[in-house]
Amino acid sequence: MDELRSGGSETWQHIFDALVESVLILNKDKEVVEANRAAYALLPSTYTEIIGHKCYELFACLECQDCPLEHVRNKGDSYSLDMERSLLGKYLRVTCAPLFKNDVLVGYIHSALDITQQRNLKNQLVQARKMDAISTLAGGIAHDFNNILGVILGNADLLQYRLSGDVGQMGVMAPELEKVDIQEHLLAIQKAGQRAEDLVNQILTFSRQTSTSRRDVIITPIIKETVKFLKSTVPATIELRAEIAEDVGYIYADPTQIHQALMNLCTNAVEAIGDQHGVIEITVKEKKVTSAGAETLSQHLQNGEYIVLSVKDTGVGMSEEVLERIYDPFFTTGDGGVDSGLGLAVLHGIATQHNATIDVHSEPGKGAEFAIYFPKVNTFKEKGTNNAVATMLKGSETLIFADDEEELVKMFSEMLEYLGYTVLPAASGQEVLAHIKNKLHKIDMVITDQTMPHMTGLELARAIKKLQANLPVILCSGYAEPVTEESARKEGINAFLAKPIDMKDLAVTIRQVFLLNSTQ
Amino acid sequence: MRILVIDDNEQMLILLRQTMEWAGFDVDVAENGRLGQQLFEEQPADLIITDLIMPEQEGLETIRKLRKSAPEVKIIAISGGGRIGPEAYLPAAMELGADRIFAKPFDIKVLLATVRELLADT
């Protein structure tokens, strides 16, 4: 082992012993050939001799499963690892480096820094933050519920007082009670109850207890609909820009929750901008994450393909300390900068349920950008359309599929053709009516989107029924559109589908409508 | 007698407005402290009922400013508690000069009786 020693120079020994970290020089068999003073201080005084023992005998009794020396042996470079060493009752940051002589590995340098105190302080901090978050959550829920209860009890009280027709404790005769007054009080109670229900649902989403209905979806239609809705709701002082890539792939997601995630992000952005003039940019794009590009992200992401939904604002921005706490429910900076309520906590819950990662960049005064990385899944086609279609209900009729989103028309026409239908695509209500009027084809059904320029789906349905009363119409409508199943049926719509459309649902609905139509 | 009600909860505003109007008062409402203060400057009230946790300008700030500009106005603070604990806000409102405090949910009859009692002194 002489080749591992430095020649016994007194100076070298002084330097070696002056190191704060415990340093061991090991041979290839992991046996200690040299130990500095800090190593003797770190290891229990009951160890009468260190030299000659294998390192794991000193630190862990048994050979370590996550032995950093193995990494050094295999890769030939140094390796660092934080390890709990219960034998010593300590947390250690162990760094191992190879020791070469004439380019041949002859041993290792094993250094260990005691980080027990640092680790304990961190644990205490995490625990304190958890408790703080819980108390903030409890306070926030109590505040909202007390307001709700105030409205419920107050209205019930007033209703009773008015029903009694007495002066009572109010000290004044109540105005005469009419049916509409009773309805008003009940409506206020009902609204408060619904607010409580929403609150419970939000808490459950945050705590990841809700059952979600996830499937392979393209999120661009959901995002476009949400943007359309947001454009009419954000203050006029805020410009909403959207850049949505047309050809992004599928993710495995619950559409309702994607809608909610974007709403929460935009609400947060609107609050960050406040009364000022500002811009919110919403983008959807595909991104390939590689090890080389990963360092620009605030969160660790596995290499792979992602669909990235991001919302960037020109608001007040956040400091690093605030960024660490933004997902705490009801967290507030108290200065109007951040008051997240449950919004960002719910967003975090949604991201977790979708195995997605949120990457946030912000600085005070420089706005913020939240990017949600959803793992891309293989597309309908890539999974084998024929297999998927094989299990679906088929038909041979001629259908018109109308939507102003060209990409959607193309995709659904293709899938419906796989099911055996002849499909006439249309980008507007006028095109649908032209197909019907020119009688080049015998049209058996129209499937139409609600929101199209110049003529809505409902208006189109009315026009179709005038031309051909028995032609069945299926209406597809998004979240932000004020069409309910009931109102659709009133207009003579045969079936109603909520967007984004699930292909299996559409296949079943088409057959059901044909069946019902033939028996009428 | 004129009462100004400040609360960001729309249903609570409706409830308090209805009750106070039936009791014979003129009522103004505002949905946050900043608007409430503006309204008070345009049309002074004899009594203010204000929530404490609201956007834009919180109730404590509103009470502090109102007390400075109108020391004689009667103020009732109402609150459903908050993020640093329900017990922390209402006593702070008293310290800043609120005449009475009510934790939500409260008995509307008791609130009305308190309004009458405070206005009887003026």
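Student: In which sense do strands β15 and β16 of chain A pair, parallel or antiparallel, and over how many bridges?
Tutor: Strands are DSSP runs of E (at least two residues) and helices are runs of H or I (at least four), numbered from the N terminus. Two strands pair if DSSP finds at least two bridges between them. For β15 (residues 445–449) and β16 (residues 473–477) of chain A, the sense is parallel and the count is four bridges.

Student: What pLDDT do side-chain atom pairs need in order to count?
Tutor: Residues are numbered from 1 along each chain as its sequence is written, chains are lettered from A and ligands numbered from 1 in the order in which they are written, and side-chain values use heavy atoms, leaving out hydrogens and water. This is a predicted model: totals for chains, interfaces and linings use all residues, local features need pLDDT of at least 70, and side-chain atom pairs count only at pLDDT 80 or more.

Student: Which residue in β5(A) is the bridge partner of Leu24(A)?
Tutor: The sheet β2-β1-β5-β4-β3 of chain A is open, with antiparallel pairing. In it, β1 (residues 22–27) and β5 (residues 104–114) pair over six bridges. The partner of Leu24(A) is His110(A).

Student: How much area do chain A and chain B bury between them?
Tutor: Buried area is the accessible area (1.4 Å probe) that two parts lose on being put together, summed over both. The contact involves 31 residues of chain A and 21 residues of chain B. Carbon and sulfur atoms hold 59% of the buried area, which is about 2300 Å².

Student: Which residues form the salt bridge between chain A and chain B?
Tutor: The rule asks for a side-chain nitrogen of Lys or Arg within 4 Å of a carboxyl oxygen of Asp or Glu. It finds one such salt bridge across this interface. At 3.0 Å, N to O, the residues are Lys109(B) and Asp157(A).

Methods: Contact = heavy atoms within 4.5 Å.
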